[in-house]
Structures are given as C-alpha cells and as structure tokens.
Amino acid sequence: KAVAPNGCKRPMWTKRIYVFLMSQRRAKRQKAIENQINRLGNRTAKLRALSRRLSWYRLVIFLIGAALVFFSFFWISENLAWFSAGTAFIIFSIIAGYHHRLAIGIRRHQIWLEIKKSQIARMELDWEKIPGSILQLPLSDLPFEKDLDITGSRSIHQLIDIAISHEGSRRLASWLLQKFPDLNGILNRQKVIRELISLTRFRNRLLLNFRLVSGAQLEGKKLLDWLQTEPPSKSMKTLATISFVFAALNIALFLWHQLGHIPPYWMLSLFIYIVFYLSNLKLLKHFFDVIAQLDDELSKFRKILKFLETYPYGDNNNLKALCTPFLEHATSPSRRLRKIKFVSTAIGLRMNPIMALFLNVAFPWDFFFSTLINRYRAEIAEQLPQWLNTWEKLEASISLADFAYLNPDYVFPEFIPDGGNPDQPILTAKELGHPLIPADQKICNDFSLNQSGQAFIVTGSNMSGKSSFLKTIGVNLCLAYAGGPVNAGSFQSALFRIFTCIKINDSIVDGFSFFYAEVKRLKALLDALRVNHPLPLFFLIDEIFKGTNNRERLVGSRSYIRNLIGQNGGGLVATHDLELVKLADDFSDITNCHFREDVVGGKMVFDYKLRPGPCPTTNALKIMRMEGLPVE
C-alpha cells in the first residue's frame, strides 16, 4: 500500500486504475488532435494543388484570349476582337476571384494547422515548437516566480500562454503570481474557464481571426498611448471654422463673378485660403499620422470584436457576463470602429496630390476630417480601456481553458473557506504531479497538511525527487489560485501566501555571497510567517543553509526549523542532513517523509515515491564510485 505523509492509506490497485484511466483520456484527446492535423494537412495539400491548377488556367486563358483578340482584329473583324477580349476578361476575372478566395482558404487551413500543432507541442512539452514569451522579466519581486519556474524559458507561463496581446499575456502571468489570492476572484475565473473548455471552436476562431489580419502581437498599451496623447493644438475647431468661412467665401465670390456682378475677387480669397492651408499643413499631418496608426492597430482588433459581438453565447452565462462590454448596442465596438474606418477611408482619398488639391479647393476636406477624428478619438478613448481590460481577462481565461482542454486528466481544485471545519486538513492533494514533467515520465504522490503551524522535513538521496516535489506543490498552488486546473486526482486547499527559498544566487553587483543571499531570503520568509495576516504562509525550502559548513549548517537549521513551527503557516523543508529528522521526536508539529533509491544491476534506480519517515539510505558515495571517483 502507498502511504501518504499524513498517514492515510490508499490501495495501490486503485491508484494504478486511476492513473491508467487518466492516461487513456489524455491519449484519446491527443489522438483526436493528431487526426485533425492529418485531415487539415490532406485538405491543405488538395487546396494547394487546386491553386496551382488555377494558376495555369489563368495563364492559358490569358494567352488564348490574347491570341483570339490578335487573330480576330487582323484577320476577321474588330467587333469579334472586342467580343473575344471581353469574354476572356470575364472568364479570367471569375477564375481570379475564385483563386483569391482559395488563397484565403489555404491561409485559414495553414493557421488551423499551426494551432493544432502547437497544441500537440504543449501536450508533449516540445519546447522548441512552443512560442516563447516577450515579457520583460522578472514581473514581480516574489521569490517563487523564479523558484517555481512560473515565468521565463520553459516555464509554466510559456506552456499555458496563447494570448495574442502583450497585455493578455501579462494578465495571465499576474494570475499565476498572486501575492494575496482572492477567493471570489478565483471562483469567478474558474466559472468562465470551465465554460470555455468545451468551446474549442470559440477559442480557436479568435486566434484565427487575429492571425488572418496580423502576424504581430496586439499591443493595447500602444493604442491607449495614441488615444490619450494630447493633440499639438487645441484650436483645431477654430481653424476648421475659419476654413469653412474661406470655402463659403470662395464659392460666393466665384458665383458672383460668374454672374458678371464683380471682378474675380475669388482668386484673391482662394490664394489667401491656400496660404492658410499650407501654414497649417504640419498640424494636419499630425492628425493624418494618428488616424493611420490608429486604424492600422484597430484593424487587428476589429474582426475579434465583431466576432465577440455576434457570437451566440447560449447558456454560457459567465462567459457572456465577462463579454458584456462588447454586447451593449449603444457603445458596441463595431459602431465606434466603423466611424474610425469611415474617417480613415476619407483621409485616404486625399493621399493622391491631385485629388487632395481638388478636395480641399472645393471643400476644407482636411480640416473637416481632422476635427471629426478628434471627436471620434475622444469617444474611443472613453470605451477602449474597458474593452482592453475585458479582452485581457478573456485571453488569460482562454489560455487556462486551452491548458485544461489539453490535459483532461487534470482537475479543478476545491477551496476551503476561511473558518471551515477545524478537523479538515488545510491542504489535501491526491495523485499530485508536475505539469512541466512529461506525462510518460511523471510520478504522482499524495500530500496533506493538517493544520497551520506544521512543517515537513523531506529527506532523500541526490536526484531522488525532493526539489521536484517541492516545486510540484508550489506550481499547483499557483495554478489553483489563477483559476485553472491542477495536475492532481483531487485537490482541496485553503488560501495561502506562497514563499519559497529554492533557487538562490549570489550577486556580484550587490556584493552578496551565496550564503548571505540565502540568509536574507530565509529572514524574509520568517518575517512573513510572523506577520499577523488573514492568509497563512505556505513555505517551500530546499537544502537549507547549504552555503556553509556542516556543523554550522546543522546548528542553524535546527534553530530555524524550530522557529518555523507553531506560526501562521506551514510547509516543507528539503534537506540532506539526516540529523534534522530527530526534531520530529521532540516536536509534534514536525513530520518526516522521504524519497529513496535502489541499486539494481549496478545502477541507481529511483521510483520518486514519497514515503513517511526519515530516509534510511544515502547515495553520494555510491554515485562517486559509479562515476569512477576514488572513495575510501
């Protein structure tokens, strides 16, 4: 029987059946995606073959049409030549239009294929095929960001993140890096994510719509910066009014002259108007640049917002509630963005110098649309922050939902409310695994923390799994607080502040040695543990005081662990020092557990199973002998 550290026993055969069933669910999901990839690949190949044939058809029709026109014009009749040219043009245009639609279809299939291949890469942890993050690291001052591989290369964030905006990616990271998790926020996110899991087409269509119009990442901050930048002059309305007066005066003087009542004074007024226009051309150019940039960035966002406005949400009430800012008809994004597109198109007409001259002589075109874009920009600036905030939450939720979809063997955690049953453990996990370990190599364990004030001393040989187990607990707590699924068979937890001391680096710049950096981290942990805070602290310490000699490390570790227990929190301390296990004899709040190894056929064999009690074996000398080092 497998014994969890808290002493509860579970029959081994039930664990094996559970692991088998979960692996079958995962394999079935992966097989389904691989079948989709095969179908998409075959369909794409057929479409490309058809596209090549259409290219030849277009060339043949062009050559045949040209030959018929030439032959008819010189040897039969001019009318037949024109008829041949018209017929060839119509047939060529029809095929060209169909070819264009076919090219769009091929592009859509390619994007679908890339999305599905990315999903397989995330299931298999094929890091070379998983896009990296462009976020500037670190994102916080929390030690567990680095210790638990939450962000950075080959991190939990990189594995989960499929956001198409910089801000959506950052929002996901902020959910994984919560200093003080909030139960209401977690449960609300869980509800949305649960609904999104089955909406595979909804999630993929958002990615597809964006990537059809842009290959770059959406940057909401850039949009906000453009919208919130003050225009170089606040007198555009005055200038526009003056330009309208000039236009009316020019027309009136021109008509009066045409009727023969006055000399051509309109030429003088037109000259003054042109001088006025040219003197303000630099100011006008600013507004043209703003609208060009704004329309270019909003074009990436336009199809996505239209999709969210028109999507039939059905019974997915939590998702619909999240997307409410996109569904209000009076302030819907499509109505606002349609105005921006109208102004952009109007300004685009005057990019031709001759057209610009014609439009502005007859009507103050540039001044009018510059004033209009100022007004529309103010309207968009009021709504865009809310749209972007909602979009960031939706993107982060979609990333976690996709993560849950690709890992059907994961479960959503249950949370123990503050002031719950005092006899209930504050953290219980069964079949707990690490999501960054490949499924075929992963060994899962049970763990339970009964009450605040307890500490576990985890002993074991080198490479036996101590550090990985500490990270396993920490990573799954971060996933739970983000609102996502955890790599476990079941998971119940109270809310904790997380503090880790796993990856300590010395600092040449600050003049800190490794040991001093570790001492500062452990002091900060102890201070956080002693704080009178509603949330208990969950600590994870790996190889305590490893930066000093054996005697001082043992003395310091004993004293430190004695000060960990009985405080507002609990956690685990991994160590090689077997002397520390004796603390459990003197303190009931300290529990020993361990990982072990066996030597089979002259090789070290690890089963990575967590067992109760102190570790009975060591392997440092065995490893040295196996690698050919002299050992007395």
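Aromatic pairs number 14 in this structure, where rings of Phe, Tyr and Trp (its six-membered ring) count as a pair if their centres lie within 6.5 Å, and where planes under 30 degrees apart are called stacked, over 60 edge-to-face and the rest tilted. The model is predicted, with local features needing pLDDT of at least 70 and side-chain atom pairs counting only at pLDDT 80 or more, while totals for chains, interfaces and linings use all residues. Residues are numbered from 1 along each chain as its sequence is written, and side-chain values use heavy atoms, with hydrogens and water left out.

**Phe 202 and Phe 307**
- The ring centres of Phe 202 and Phe 307 are 5.7 Å apart and their planes stand at 35°, so this pair is tilted.
- Because Phe 202 lies in helix α7 (residues 200-213) and Phe 307 in helix α11 (residues 281-310), the pair ties together parts that are 105 residues apart in sequence; helices (H or I, at least four residues) and strands (E, at least two) are DSSP runs numbered from the N terminus.
- Phe 202 and Phe 307 are both buried, meaning under 20% relative accessible area, as against exposed at over 50% and partly exposed in between (1.4 Å probe, protein chains only).
- Together with Tyr 311 and Tyr 313, Phe 202 and Phe 307 form one aromatic cluster.

**Phe 447 and Phe 469**
- With ring centres 6.0 Å apart and planes at 70°, Phe 447 and Phe 469 make an edge-to-face pair.
- Phe 447 in strand β5 (residues 445-449) and Phe 469 in helix α17 (residues 466-482) are 22 residues apart, and their pair links distant parts of the chain.
- Both Phe 447 and Phe 469 are buried.

**Charges over rings**
- The charged end of Arg 189 sits over the ring of Trp 175, 4.8 Å from its centre, the criterion being NZ of Lys or CZ of Arg within 6 Å of the ring centre and within 35 degrees of the ring normal.
- The charged end of Arg 203 sits over the ring of Tyr 405, at 5.1 Å from the centre of that ring.
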